[in-house]
Amino acid sequence: MKEENPVSDPTKVTSNAPAIELRGITKTFGSVVANNNVNLLVNRGEILSILGENGSGKTTLMNMISGIYFPDKGQIFIDGQEVLIRSPKDAFKYRIGMIHQHFKLVDLFTATENIVLGLEDGRKYDLAAYGKEIAAICEQYGFVIDLNKKIYNMSVSEKQTVEIIKVLYRGADILILDEPTAVLTPQETETLFAVLRRMREAGKSIIIITHKLHEVLSISNRVSVLCKGQYIGTVNTAETNESELTEMMVGKKISLNIHRSEPKGVEDRLVVDNLRCVDREGLPVLKGISFTAKSGEILGIAGIAGSGQRELLEAIAGLQPLTEGTITYNNPTSGKAENLRDKTPTQIRELGVRLSFVPEDRLGMGLVGNMDIVDNMMLRSYRKGPLGFLNRKPPATLADTIISDLEVVTPSSKTPVRRLSGGNVQKVLVGREIASAPTVFMAAYPVRGLDINSSFTIYNLLNEQKEKGVAVIFVGEDLDVLLELCDRILVIGSGAVTGVVDARTVTKEQVGLLMTKTAQEGGTEDGE
Amino acid sequence: MSAFFLTIFVPFFCRAVVQGVPLLFGATGEILTEKSGHLNLGIPGTMYMGAIGGVIGAFIYEQKVENLNPFLGIMIPLLFSLLFSGLMGLLYCFLTVTLRANQNVTGLALTTFGVGCGNFFGGSLIKITKADVPNVILTRTHNLFCKTLPFASKLGWFGEMVFSYSFLAYLSVIIAVIAAFVLNKTRVGLHLRAVGESPATADAAGINVDRYKYVSTIVGSMIAGLGGLYYIMDYACGVWSNDGFGDRGWLAVALVIFTLWRPALCIFGSFIFGGLYIIHNYLTQALHLSFASQELVQMTPYVVTILVLIAISLRKKRETQPPAHLGQNYFREER
């Protein structure tokens, strides 16, 4: 992994003051603390990695340096001087440039137009003249790109190159790269790292956000670790190793005392084999995923967010077109094996396969915010009833049952769900889905944003389903919960299975390592 | 040929241009707004307000003075028109940019508001004049606005086709050309297009997104308002009657789509739309059309717009698509 000594020549450091220093930075969104008292320091001619799981607050922190967000508390120093960065414009002034994870480029413009966008240098607007200067920068750092090509014709790696040239052209001395390698092939990653090393030699300070450990070790001088918004610490890359970093990243094991029963009546319910699909740009999202979900047990799915969890669940529910693979459903009533790929989402639902919410749109996908609880219950039963008239009695009864059983806090069953708190919305949704007696129940991040009591209500619901013989699939992000709630854990990394482990014996670090590992394409393991 | 050319085509062309000018003002203004990502469906109301603004200005001045000073006689209605339509743009911006109200709902509400407001002022002025007909007649101001170039009549059919229009008609073409130049050849235009394509990108590049939206929408509304002013002061010979403006505002919005958001194309598009708008008069004579067929012919601009929409949606060429963020409000800290 370590092709070269990652510590740069100390003589390159021109000033004793760090290029940028953060002290006690805190930022909250509503009740969610994204960053709590974070400290960070980057010297000149140095590459600092920021390591952390998704949701650990890395991107929020970087957005505060680049002026997208403004911190609630804390100080930022540039070259030892305290500064206020209130807007992206201020960030340019302090020679900070950020390359976002989602590129900030105008698709319809050429590379040159994007690079000069927002520039107010008082010069004549002459694209040809600008083009010449940009070409000189390309030559200096070794970028190969057609500056007159429009962005929508470019590959992901070309777009990233445009982003980097953009910040360099503005004279950035501090470059922030948010998960730059997530979208690149290994060859493109090597090219990028070569460019970054060249920039480091030119005295630039580089902050790179990533969760790939081998990249951290290969490129950076020092590593700062964040975990759930907290600053954990900084280590020199030369003095650390993968397991120490993983331990810092996942944090200490916390005991939650979630009740877990032994699986009963275990049989294969859902056999998923070699699932593959592509996203809208044609890039692979699922790269040959295989696993078995069994009745009477909870199968956890762990992975960095965006590794293909959403697509996997949607594929099983019939919402995601697949390029390859089979999903075999062993029907407990008829005893037959059926392939879900041939069925419509409605047919799949009627077999008893239930997908509960994906939180990016908790309301969007499962419930209609402006409708009350009863009406939302009817979304699942509106097809029933004679002659197109609705029978409101059963859903009203169901709504009342859910409100009393799950302790939903609401003025009445006639309150629009939009007005309920997040936890209560989730209870309504879970309640409705399990009321239909599913045989496979999939829940993605069902406790995200919930307080501890609501979370335990959801865990108990999942356990109840498991005891009833339902095959439960639980996509979670908190490793402590996954380890205590699930029977087996399927770990996926960048759309492929990196391991299936027994949740009763595995350690947090082992799961963490599997999450950050990139599996061989098509690497299929089954937990047997 | 020459008889047909001189007696039918030349007058038809001139009338098409005259019909097209209000559409050209409206469409150029709407393009500026839409390029910032805001679909201002309040344009018909804005043009109506521009018209009544001009009428109010002219009315006050005509009441006060016996002999109109040519400069003031033009400037006062012009400034009133710009003020009224500019205020409509400001109101639209305040609602959609600052308060982030739904753009379609706001636009439609402003059109209803503008027409109602115009009719209210119009009705009040009609009451004041105590005339027998429900009109406000501003002949003296009309005489100032309809002045053509002096040598138009000396150049035969060519003079008639090219030089026989009033100054506002030429202004509409000049504004469209300037708008095309600004959008495509200047830094301001680059930034404005970026705001409409991807406000998050523009924001991250340090562009003041809200300011661009405000300025382009208000300037666009003022330009559109001039269309209303031209309609009253030139086309309608200075005679205001309530609801006289017709569906020209919607035609202007349709013209934006028809010309694929390009002000330079709008110049020709507006003449085509103007021609299609009046061609039924000529066809009636030539083909003995029934009243129902006339109505069908009048629909042509809208049908053409729908066909253009279908064509660009099918071809999916990126350059001919509407601004990518059209109709969506932007909020920086949205997650």
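This is a predicted model: local features need pLDDT of at least 70, side-chain atom pairs count only at pLDDT 80 or more; totals for chains, interfaces and linings use all residues.
1. Start with helix H14 (residues 422-435) and helix H15 (residues 452-467), both of chain A, which pack with their axes 11 Å apart and at an angle of about 10 degrees. Because angles under 35 degrees count as roughly parallel, H14(A) is roughly parallel to H15(A).

2. Chain B is worth a look for its surface. A nonpolar patch there consists of Leu6(B), Leu149(B), Phe151(B), Leu155(B), Trp157(B), Phe158(B) and Val162(B), and together these residues have about 600 Å² of accessible area. Which helix gives the patch its largest share? That is helix H6 (residues 156-163) of chain B, with three residues; Trp157(B) has its place in this helix.

3. Now to the charged pairs. Side chains of opposite charge can pair when their charged atoms come close. Over all chains, a search of the whole structure finds 26 salt bridges. One to inspect joins the side chains of Asp121(A) and Arg187(B), at 3.3 Å from N to O. This pair crosses between chains: Asp121(A) sits in the loop between helix H3 (111-116) and helix H4 (127-141) of chain A, while Arg187(B) belongs to helix H8 (residues 187-197) of chain B.

Key:
Residues are numbered from 1 along each chain as its sequence is written. Chains are lettered from A and ligands numbered from 1 in the order in which they are written. Side-chain values use heavy atoms; hydrogens and water are left out. Axes are lines fitted to C-alpha atoms, for helices over the stretch in contact, and angles run from 0 to 180 degrees between N-to-C directions. Helices (H or I, at least four residues) and strands (E, at least two) are DSSP runs, numbered from the N terminus. Angles under 35 degrees count as roughly parallel, over 145 as roughly antiparallel, 65 to 115 as roughly perpendicular and the rest as oblique. Patches are made of residues with over 30% relative accessible area and no salt bridge: like charges are joined within 9 Å, nonpolar side chains (Val, Leu, Ile, Met, Phe, Trp, Tyr) within 5 Å. Accessible areas come from the Shrake-Rupley method with a 1.4 Å probe; for residues, only the protein chains shown count as cover. A salt bridge is a side-chain nitrogen of Lys or Arg within 4 Å of a carboxyl oxygen of Asp or Glu.
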